[in-house]
Amino acid sequence: MHLIYNNLKMYIPRSLTAEIETFRRIFPVVAILGPRQCGKSTLVKHLFSEKTNAIYLDLQSMEDLNKLRDPVLFFNTHEDKIICLDEIQLLPQLFSVLRSIIDKNRRNGRFVLLGSASRDLIQKSSESLAGRIGYLALTPFLSTEIPQTNIMTFWNRGGFPESVLAENDNFSYIWRDNFIKTYIERDIPQLGFQIPALQLRRFLTLCAHNQAQTTNLSKIAAAMEMTHPTMRKYLDLLEQTYMVRSLPPYEINTKKRLVKSPKIYVRDSGILHQLLGIKNIDMLFAHPVFGASWEGLVVEQLISELNVPAGFYRTEKGDEMDLVLNINNQIIAVECKASSAPGLSAGNYRAIEALKPMHTYIIAPVKGDPYLLHEGITVCGLHQALSELKIIAE
């Protein structure tokens, strides 16, 4: 596990490092994608900080862009070096150049690309570099990467390094406000989308108000006084720039009528709270989004950490389970409860009967050792659940 450096003069491990090294042995190009400011550049700079044969170019820098006026000449001149290209979505035409360079001299681990948009938004990458590129996703800090941070602080501020490691809650809130403004006013236009900033901000805020609810774009379209296709376009854009997650329903063979619409989550809890004007944990306790926010935190952490097929279970009669994970063909059911004394509803028990999971976890912001609520049902905190689920995933 490699170490990265942040502005508080602390070394913090990122769990993706081992995968980066593995992918560099397999592919000529490794693309590390994730939201801006999640730590991609910092990680890569420190990953190669002791290697003199690495070149880092920031495609937002005019000086670095000028070096690529003739990219073929530049890459050929430095063919013995590792070349890291940051914000690759700003120069998608480089993919065809990279393909030509790689096919003439295929050497694994030669290029590392960083991007703040999904592979689908980075034009031509899948076509131009098919078989030559491996994709990895870096999230903001996972809670397990900064275990010294109190879970309540992490929940309130989210995982973006500058937010969670800020000097105080107010500084964190101000940083997140600026992050959202920059994302809407600069990052989205740079990707070629001409969407009025106020409209996109309003849509993102409506997503926050609908946290952990099944997606109803018709309802949102009516509130926005816009069309359903436009709302779909906005939602797809937010998903492909890592701001929002759509969780699909988990399908099983059953005669019961299942809810078919996905659930929507603002992926980072700190961004969610900023959109809703929640400045500290006390305000969160009093806010209607309290339970949905905890659910979003747990869902995001488990899916990002475990990287396994996931969905939710809900029938039209109200049988439900917040998260269903398929880990090595074993079904794990997860219910998220923002309570110090969590329990299950009748609908939860009916969902367990239908799903027949290997085990069920009730994940709550609780301290102390895990305990059995009933046979096959464990109550525990987030870190404890992750520890047990990682063992199952091995």
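**Figure 1. Helices α11 and α12 in the predicted model.** Helix α11 and helix α12 are roughly perpendicular to each other, in a model that is predicted rather than determined by experiment. Helix α11 covers residues 217–224 and helix α12 covers residues 228–240. The two pack at an angle of about 105°, and their axes are 9 Å apart. This angle falls in the range from 65 to 115 degrees, and therefore the pair counts as roughly perpendicular. On the side of α11, the contact is made by Leu217, Ser218, Ile220, Ala221 and Met224. On the side of α12, His228, Met231, Arg232, Tyr234 and Leu235 take part. Sorted by class, the contact of α11 with α12 has seven nonpolar, two polar and one charged residues.

**Figure 2. Helices α15 and α17.** Helix α15 spans residues 290–306, and helix α17 spans residues 382–393. Their axes come within 11 Å and cross at roughly 30°. Angles under 35 degrees count as roughly parallel, so α15 is roughly parallel to α17. The crossing in which α15 passes α17 is right-handed. Val298, Gln301, Leu302, Glu305 and Leu306 are the residues of α15 that meet α17. Their partners in α17 are Leu382, Leu386, Leu389 and Lys390. By class, six nonpolar, one polar and two charged residues form the contact of α15 with α17.

**Figure 3. The loop between α15 and β11.** This view shows two residues of the loop, Asn307 and Pro309. Strand β11 runs over residues 310–314. Asn307 is not a glycine, yet has a positive phi of about 55°. Most residues other than glycine have a negative phi. Asn307 is exposed, with a relative accessible area of 67%. Pro309 has a relative accessibility of 51% and counts as exposed because the cut-off is over 50%. Pro309 is in contact with Val324, Leu325 and Asn326, leaving aside its neighbours within four places in sequence.

**Figure 4. Thr315, in the loop between β11 and β12.** Thr315 belongs to the loop between β11 and β12, the latter being residues 320–327. Is Thr315 buried or exposed? The relative accessibility of Thr315 is 4%, so this residue counts as buried. Not counting residues up to four places away in sequence, Thr315 touches Lys256, Arg257, Leu258 and Val259.

Figure 5. Helix α16 consists of residues 346–355, and its buried residues are Gly347, Asn348, Ala351, Ile352 and Leu355. The face of α16 turned away from the buried side carries the exposed residues Ala346 and Glu353. Lys356 follows α16 and has a positive phi, near 50°.

Figure 6. Helix α5 is formed by residues 94–104. Its buried residues are Leu94, Phe95, Val97, Leu98, Ile101 and Ile102. Seen down the axis of α5, the buried residues fall within an arc of 155°, so they line one face of the helix. Glu87 lies in the loop between β5 (82–86) and α5. The phi of Glu87 is positive, at about 60°, although Glu87 is not a glycine. Glu87 has a relative accessible area of 11%, and is buried because the cut-off is under 20%.

**Figure 7. Ile180 in helix α9.** Ile180 has its place in helix α9, which covers residues 169–190. The relative accessible area of Ile180 is 0%, and so Ile180 is buried. Which residues is Ile180 in contact with, leaving aside its neighbours within four places in sequence? They are Arg201, Leu204, Ile271, Gln274 and Leu275. Thr77 is 103 residues apart from Ile180 along the chain, and their C-alpha atoms are separated by 39 Å.

Technical notes: Residues numbered from 1 in each chain as written. Predicted model: local features only at pLDDT ≥ 70, side-chain atom pairs only at ≥ 80, totals over all residues. Heavy atoms only, no water. Helix = DSSP H or I, 4+ residues; strand = E, 2+ residues; numbered from the N terminus. Buried < 20%, exposed > 50% of the residue type's maximum accessible area, 1.4 Å probe, protein only. Contact = heavy atoms within 4.5 Å. Arc of directions from axis to C-beta. Axes fitted to C-alpha atoms, helices over the stretch in contact; angles between N-to-C directions. Parallel < 35°, antiparallel > 145°, perpendicular 65-115°, else oblique. Left-handed = near helix turned anticlockwise from the far one by under 90°. Nonpolar A, V, L, I, M, F, W, Y, C, P; charged D, E, K, R; others polar.
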